[in-house]
Amino acid sequence: YSTSIRNDSKFDVQGVVAVETVPSGMEFAGASHGGQFNEGTRTIAWRIDRMGSNQTSIVKSKLIPKATGPQVSAVRVTVPNGEPVEASTETMVEGFAALGVDIAGVEGPVDVGEKVTLHVNVRNKGTIAATHLLLTVDVPEQMSFVSVQGPGTHTQSGNQIQFGPTDTLEGRTVAGYDLILQARKRGDCRIHISLQADQLNKPLVREESVQVLSESAEAAVSR
């Protein structure tokens, strides 16, 4: 924010004090010209020792939005033996959802009969909730589902599992899903994962490759 203070009188003025009130939904991040922030009163204060006739002084503050909605910043300027003046600015802060999908858990090739656990994290790094999330996991014929865990409900149809729709995923939170899979046939397996939500123009797609090496049946091993 930039505040312009002008001395419109014909005389010099001394001891000018400008005080800016920081909105509750914003965080102080800096001030020019030695502005001092008081955390208790949530104000920034500047003192200008002297201003000549028709002189303009500009003070600046840096605020970081931490909440959505209207945020009103007010500046009050006082001088000795003078009437205070005040100006305010309203800033409308709009939030956003930032969705991402991380996959972990499968390292290196596996053998037929071996079980592996696939960890899928759906992250919302934004500031508002994402809505109506649908996570779909498709595995090829070389693998099959053993068990799944995750928030909300899920449905299975053959080699496809869908989680959701989940009503909301709040900002700066993570939803984790664990899928235990078993290798059935030799081959290069491509596990296909897609995420849909109201805030996505198209599905967010990820793939995980798993190499199944052996045709021979072996005792199931979990890892």
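Contact here means heavy atoms within 4.5 Å. By that criterion, and leaving aside residues up to four places away in sequence, Ile58 touches Ser2, Thr3, Ser4, Ser32 and His33. The structure is a predicted model, in which local features need pLDDT of at least 70 and side-chain atom pairs count only at pLDDT 80 or more, while totals for chains, interfaces and linings use all residues. Residues are numbered from 1 along each chain as its sequence is written, and side-chain values use heavy atoms, with hydrogens and water left out.

The C-alpha atoms of Ile58 and Ile5 are separated by 6.1 Å, although the two residues are 53 residues apart along the chain. With a relative accessibility of 40%, Ile58 counts as partly exposed. On this scale, buried means under 20% relative accessible area, exposed means over 50%, and partly exposed lies in between (1.4 Å probe, protein chains only).

The next stop is the sheet arrangement. Two strands are said to pair if DSSP finds at least two bridges between them. Strand β16 (residues 187–196) pairs with β17 in the antiparallel sense over 9 bridges. Cys189 stands opposite Val210 in β17.

Some backbone details also deserve a look. Most residues other than glycine have a negative phi, and most peptide bonds are trans. In this model, a cis peptide bond joins Gly164 and Pro165, with omega at about 5°. Pro165 is found in strand β14 (residues 160–169). Asn54, which is not a glycine, has a positive phi of about 65°. The loop between β5 (43–51) and β6 (56–65) holds Asn54, and this residue is partly exposed at 44% relative accessibility. Arg172 also has a positive phi, near 60°, in a residue other than glycine. Its place is in the loop between β14 and β15 (173–183). Arg172 is exposed, with a relative accessible area of 60%.

Turning to side chains, a search of the whole structure finds 2 aromatic pairs. Among them is the pair of Phe28 and Phe37, which is stacked, at 4.5 Å centre to centre and with 10° between the planes. Rings of Phe, Tyr and Trp (its six-membered ring) pair if their centres lie within 6.5 Å; planes under 30 degrees apart count as stacked, over 60 as edge-to-face and the rest as tilted. Phe28 is partly exposed at 24% relative accessibility, and Phe37 is partly exposed at 27%.

Charged side chains come next. The whole structure contains 6 salt bridges, each defined as a side-chain nitrogen of Lys or Arg within 4 Å of a carboxyl oxygen of Asp or Glu. One of them joins Glu86 and Arg76, whose closest N and O atoms are 3.6 Å apart. Glu86 is exposed, with a relative accessible area of 54%, whereas Arg76 is partly exposed at 40%.

Another salt bridge brings together the side chains of Asp102 and Arg123, at 2.4 Å from N to O. This pair links distant parts of the chain, 21 residues apart, with Asp102 in strand β9 (residues 99–104) and Arg123 in strand β10 (residues 115–124). Both partners are partly exposed: Asp102 has a relative accessible area of 34%, and Arg123 one of 29%. Asp188 forms a salt bridge with Arg190, and here the closest N and O atoms are 3.2 Å apart. Asp188 counts as partly exposed at 36% relative accessibility, as does Arg190 at 45%.

Technical notes. Helix = DSSP H or I, 4+ residues; strand = E, 2+ residues; numbered from the N terminus.
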